[in-house]
Amino acid sequence: MDALRIHGQKTLRGTLQVSGSKNASLPIMAAALLAEGQSTLRRIPGLADVKTLSKVLAHLGVRVEAQGAELTLDATELTTHEAPYELVRTMRASILVLGPLLARHGKARVSLPGGCAIGARPIDQHLKGLRKLGAKIEISHGYVEAHVDGRLQGATVIFDMPTVGGTENLLLAASLAEGTTILENAAREPEVVDLCHTLQKMGAKIQGIGTATLTVEGVETLQPFTHDVVADRIEFGTFLVAGAMLGEELLIQGGVAEHQTFLIDKLRTMGARIEEHPEGIKVWRAQQLHATDVETQPYPGFPTDMQAQLMAAASIADGSSTFSETVFENRFMHVAELGRMGANIRVDGGRAIVRGTPELSGATVMATDLRASACLVLAALAAEGESVIRRIYHLDRGYEAIEAKLSSVGADVVRFREDS
Ligand code: EPU
């Protein structure tokens with residue numbers, strides 16, 4: 001298994017490039033299922049999750065070709081409507097093939113993704129919505145078995161919470177449904193918006209993009225597309241936090257500042273200097289970071305996917321910070337590992353109280369999920385001495401070439417195989 005060895009407290013200066021978004025790439029890949037012909041996706045990040053979904057699509061009969069950051073998907077002939085457990089279990093987002101398969105094929109059999117480290121993460125909202133569109137759905141032997149007689153029918157779906165995956169699955173299905181679908185309390189994340197733009201290129205009729213009410217007028221067929229995936233706002237945000245902790249005119253290129261307005265304001269309040277320039281965003285570390293309070297919320301609120309990384313910064317801030325996690329029920333697994341590096345954090349239900357310490361000390365720590373891993377990388381970059389971060393396969397799910405990118409701006413980060 002790969003691990004990272006990091007010698008901390010190196011100043012970060014130079015230029016970092018933000019890759020295409022993982023969480024936009026996945027639903028856009030699923031969108032290719034909706035059309036006959038070859039779709040081209042550009043700015044696809046080289047990540048484990050993209051490879052996993054490529055395998056799921058290939059299993060369904062899609063011709064998949066990857067060349068650098070370009071991926072072509074030809075879904076002219078689908079050979080099966082089943083996404084098996086062995087493929088789905090490694091990545092929950094595989095459930096995104098459910099809506100397109102139903103819309104295009106009239107049937108789908110997709111393994112239930114199961115729980116994951118950060119929470120139970122049910123898919124009841126996806127199923128509720130698809131049932132509203134006329135799908136008959138049963139759960140049998142760990143699989144979602146769905147079919148529809150004729151086409152899906154447009155309907156009004158009111159989500160109990162603004163679910164990103166649920167909104168995406170319903171957008172994918174409704175685009176080929178008969179009649180108009182209205183999605184209320186829909187997710188507004190930039191990844192949902194990027195999917196909407198892709199679907200529009202395919203010929204879908206969608207109104208209200210970027211708002212909580214999406215109206216989709218179904219069409220009979222959709223065309224293949226070419227699309228450049230939006231920048232990964234979470235990789236961008238992770239680099240911003242790195243800059244606030246260790247940057248010296250660190251230039252971050254390719255990120256969309258408006259997608260991280262909340263975080264940028266927070267980091268400024270904490271003492272970092274952040275400037276927008278035509279060539280990108282420049283970040284200078286704070287002399288001394290100040291404490292802050294955050295509560296995770298659906299977009300445009302503070303993202304749950306940045307909570308762990310900001311906590312790494314708060315752990316060396318001046319004063320006491322409070323982190324409230326409202327999106328997932330078990331997303332503080334980085335706390336114990338940060339504690340091993342000297343952080344002083346107490347968890348009380350959905351809240352973590354972080355008492356800043358002047359310095360973290362390098363230690364061997366274990367990554368437990370994707371964003372927790374990023375938090376440990378940031379903590380190790382700032383810590384005194386050597387850290388080893390184990391089980392970084394989590395990190396490889398969401399951060400492209402992280403050690404190469406960080407090394408290029410002065411960090412001392414080396415990947416090695418633990419068993420060697
Ligand atoms: N939820 C339900 N029922 C549903 C769907 C969601 O109860 O049918 C709950 C979830 O359990 C959670 C909340 O609603 O408590 C929000 O979940 P959401 O559906 O929005 O999350 P998701 O689509 O499963 C995506 C990202 C996550 C990100 C969340 C929230 C992808 C592939 N994943 O997950 O990204 O944290 O939205 O923004 O887009 C990550 O990249 O590290 C990651 C976990």
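Q: What does buried mean for a residue?
A: Buried means under 20% relative accessible area, exposed means over 50%, and partly exposed is in between, using a 1.4 Å probe and protein chains only. Cys375 has 0% relative accessibility, so it counts as buried. Cys196, at 1%, is buried too. One caution: this is a predicted model, where local features need pLDDT of at least 70, side-chain atom pairs count only at pLDDT 80 or more, and totals for chains, interfaces and linings use all residues. Residues are numbered from 1 along each chain as its sequence is written, and side-chain values use heavy atoms, with hydrogens and water left out.

Q: How many disulfides are there?
A: A disulfide is a covalent bond between the sulfur atoms of two cysteines. The test is a pair of cysteine sulfur atoms within 2.5 Å. By this rule the model has zero disulfides.

Q: What is a nonpolar core?
A: It is a set of buried Ala, Val, Leu, Ile, Met, Phe, Trp, Tyr and Cys residues joined through side-chain atoms within 4.5 Å. The largest one here has 73 residues, and Val97, Leu171 and Leu199 have the most contacts inside it. Helix α1 (residues 22–31) gives this core its largest share, six residues. Helices (H or I, at least four residues) and strands (E, at least two) are DSSP runs, numbered from the N terminus. Another core, apart from this one, has 72 residues, including Leu263 and Phe332.

Q: Which residues is Val97 in contact with, leaving aside neighbours within four places in sequence?
A: Contact means heavy atoms within 4.5 Å. Val97 touches Leu33, Leu53, Val56, Leu57, Leu60, Ala83 and Val110 in this way.

Q: Why is helix α4 described as largely enclosed?
A: Six of the eight residues of α4 (residues 98–105) are buried, so the rest of the structure largely encloses this helix. The buried ones are Leu98, Gly99, Pro100, Leu101, Leu102 and Ala103. Their cover includes α1, α2 (48–60) and β7 (107–111). Just after α4, Gly106 takes a positive phi of about 80°.

Q: Which residues come nearest the ligand?
A: A residue is near a molecule if one of its heavy atoms lies within 4 Å of it. Of the 22 residues around the ligand, Asp124, Gln125, Thr163, Asp305 and Val327 come nearest. Helix α5 gives the most to this shell, three residues.

Q: Where does a backbone atom of Gln125 lie?
A: A backbone N or O atom of Gln125 is 2.7 Å from an oxygen atom of the ligand. For Arg121, a side-chain N or O atom is 2.9 Å from a ligand oxygen atom.

Conventions
A polar contact is a pair of N or O atoms within 3.5 Å; within protein, one must be able to donate a hydrogen and the other to accept it, and residues adjacent in sequence count only if both atoms are side-chain atoms.
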